[in-house]
Amino acid sequence: EKLGPQKAEAIYRRMLKRLRAAYALSGDPSAGAYARWQRFNRAPYQSEQHGGRYLNNYGNAAARAYGRFEAAGVLPPGAIIVKDSFSVSKDGQVLPGPLFIMEKMAPDFAEGSDDWRYSQIMPDGSILGISKGPGSENMDFCADCHARVAKLDYLFFLPKAYRVKSIR
């Protein structure tokens with residue numbers, strides 16, 4: 001189902017606490033902390049690259065430049081971008097989705113991705129995979145897709161209509 005910004009935001013607000021609690025079960029520090037980070041979008045937006053799910057982009061203090069979007073430049077080691085998600089079935093059922101995490105690691109972590117590590121936490125708190133860790137083969141798709149924007153530090157940016165105008 002295609003949702004307008006207001007409806008998507010209302011659904012997101014209702015499920016936020018439940019999503020965050022489930023992701024935190026993974027034990028991943030980002031999954032427990034991202035709720036306090038900068039949110040870069042004003043309402044959930046739909047992403048075909050993420051299975052048609054509705055996403056929200058958050059970044060830690062080291063990822064602050066992400067808020068300049070295409071002018072962000074190269075983010076420093078320690079920068080973390082997190083996307084929580086949900087989907088809506090054809091019959092209107094709202095389903096929690098995975099938490100997608102990109103973390104800029106120390107130099108020489110991963111030559112083919114400019115040192116980005118990709119992780120995915122499922123809506124039940126289980127970890128689908130972590131680059132160079134358990135289930136890393138499940139993260140190859142992320143690395144391959146993001147390689148298409150290598151010139152932009154492997155970063156995709158959300159649709160302009162959904163961007164927060166002033167970044168704190």
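## A buried arginine and its partners

Arg-39 has a relative accessible area of 12%, so Arg-39 is buried (buried means under 20% relative accessible area, exposed over 50%, and partly exposed in between, with a 1.4 Å probe and protein chains only). This is a predicted model, in which local features need pLDDT of at least 70 and side-chain atom pairs count only at pLDDT 80 or more, while totals for chains, interfaces and linings use all residues. Residues are numbered from 1 along each chain as its sequence is written, and side-chain values use heavy atoms, with hydrogens and water left out.

The partner of Arg-39 in a salt bridge is Glu-9, with the closest N and O atoms 2.7 Å apart. Here a salt bridge is a side-chain nitrogen of Lys or Arg within 4 Å of a carboxyl oxygen of Asp or Glu. Because Arg-39 lies in strand 1 and Glu-9 in helix 1, the pair ties together parts that are 30 residues apart in sequence. Helices (H or I, at least four residues) and strands (E, at least two) are DSSP runs, numbered from the N terminus. Glu-9 counts as buried too, at 14% relative accessibility.

## The salt bridges

The count by this rule comes to 6 salt bridges. Three of them are listed here.

| Salt bridge | N to O distance |
|---|---|
| Arg-39 and Glu-9 | 2.7 Å |
| Arg-117 and Glu-103 | 2.6 Å |
| Asp-153 and Lys-104 | 3.0 Å |

The pair of Arg-117, in strand 7 (residues 116–121), and Glu-103, in strand 6 (residues 99–104), links parts of the chain 14 residues apart. Arg-117 is partly exposed at 22% relative accessibility, whereas Glu-103 is buried at 19%.

Asp-153, in the segment after helix 3 (140–146), and Lys-104, in strand 6, are 49 residues apart. Asp-153 is buried with a relative accessible area of 3%, and Lys-104 is buried at 5%. Salt bridges with shared partners also join Glu-9, Arg-13 and Arg-39 into one network.

## Helix 1

Helix 1 (residues 5–24) has 20 residues and spans 26 Å from its first C-alpha to its last, close to the 28 Å expected at 1.5 Å a residue; the expected span is 1.5 Å times one less than the number of residues. Where does helix 1 bend? The bend is at Met-15, by about 55 degrees, taken as the angle between axes fitted to the seven residues ending there and the seven starting there. Met-15 is one of the buried residues of this helix, which also include Ala-8, Ile-11, Tyr-12 and Tyr-23.

## Rings and charges

The structure holds 8 aromatic pairs: rings of Phe, Tyr and Trp (its six-membered ring) pair if their centres lie within 6.5 Å, and planes under 30 degrees apart count as stacked, over 60 as edge-to-face and the rest as tilted. The rings of Tyr-23 and Tyr-34 are tilted, because their planes stand at 50 degrees, with centres 6.4 Å apart. Tyr-23 belongs to helix 1 and Tyr-34 to the loop between helix 2 (29–33) and strand 1 (38–39), so the pair ties together parts 11 residues apart in sequence. Tyr-23 is buried at 0% relative accessibility, and Tyr-34 is buried at 0%.

Tyr-66 and Phe-69 form an edge-to-face pair, because their planes are at 70 degrees, with centres 6.0 Å apart. Ring pairs link Phe-40, Tyr-66, Phe-69 and Phe-157 into a cluster. Arg-163 lies over the face of Phe-69, 4.4 Å from the ring centre; a charge sits over a ring if NZ of Lys or CZ of Arg is within 6 Å of the ring centre and within 35 degrees of the ring normal.
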